[in-house]
Amino acid sequence: MLDKNFTEKASFHAVKFLLGVHGDDEEKAKEIYEGLLEEARSESDNGSALYFLGRFCDSGIGTQEDEEKAVEYMTQAAEKGHQTAREWLGDYYKESNPEL
């Protein structure tokens with residue numbers, strides 16, 4: 001498991017990538033993605049790492065754009081109690097199934 005400081009820093013940088021502050025620094029994006037992936041694979045209850053992995057997959061930051069993986073990570077984050085992941089999933093399913 002990564003130390004808490006890395007996870008907090010990775011989450012901070014993930015937000016900066018999602019906001020476009022880091023620009024197109026693919027190497028930094030991949031480094032953060034890999035760190036978040038390692039944290040998510042650990043036995044941690046870190047819903048934030050899973051949430052940001054989902055956002056990276058959804059946006060193609062640091063990895064290939066992959067909607068299926070994004071939903072998988074968001075679901076795992078939501079199961080760990082991450083409220084924003086729950087909201088993202090609600091929006092995703094609403095957009096995917098407008099007749100619901």
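Student: How far does helix α5 (residues 83-96) reach from its first C-alpha to its last?

Tutor: In this predicted model, helices are DSSP runs of H or I with at least four residues, strands are runs of E with at least two, and both are numbered from the N terminus. Helix α5 has 14 residues, and the expected span of a helix is 1.5 Å times one less than its number of residues. That gives an expected 20 Å, and the reach of α5 is close to this, at 20 Å.

Student: Which element has the highest mean pLDDT?

Tutor: Residues are numbered from 1 along each chain as its sequence is written. The protein chain averages 82, and 82% of the residues score at least 70. Helix α1 (residues 4-19) has the lowest mean, 65, while the highest, 96, belongs to α4.

Student: How many helices does the protein chain have?

Tutor: Reading from the N terminus, the elements run α-α-α-α-α. There are zero strands, and the number of helices is five.

Student: Which elements do the buried residues of α5 pack against?

Tutor: Buried means under 20% relative accessible area, exposed over 50%, and partly exposed in between, with a 1.4 Å probe and protein chains only. In α5 the buried residues are Ala 85, Trp 88, Leu 89 and Tyr 92. They cover an arc of only 100° around the axis (taken from the directions from the helix axis to the C-beta atoms), so they sit on the same side of α5. Their packing partners are α3 (47-59) and α4.

Student: What kind of aromatic pair do Trp 88 and Tyr 92 form?

Tutor: Rings of Phe, Tyr and Trp (its six-membered ring) pair if their centres lie within 6.5 Å; planes under 30 degrees apart count as stacked, over 60 as edge-to-face and the rest as tilted. Because Trp 88 and Tyr 92 are four residues apart in helix α5, about one helical turn separates them. With 5.5 Å from centre to centre and 5° between the planes, this pair is stacked.

Student: And which kind of pair do Tyr 92 and Tyr 93 make?

Tutor: Tyr 92 is buried, whereas Tyr 93 is partly exposed at 41% relative accessible area. The ring centres of Tyr 92 and Tyr 93 lie 5.1 Å apart with planes at 75°, so the pair is edge-to-face.

Student: Is His 82 buried or exposed?

Tutor: His 82 lies in the loop between α4 and α5. Contact means heavy atoms within 4.5 Å, and beyond its neighbours within four places in sequence, His 82 touches Gly 47, Ser 48, Tyr 51 and Ala 77. Its relative accessibility is 16%, so His 82 counts as buried.

Note on methods:
This is a predicted model: local features need pLDDT of at least 70, side-chain atom pairs count only at pLDDT 80 or more; totals for chains, interfaces and linings use all residues. Side-chain values use heavy atoms; hydrogens and water are left out. pLDDT is the predictor's confidence in each residue, from 0 to 100.
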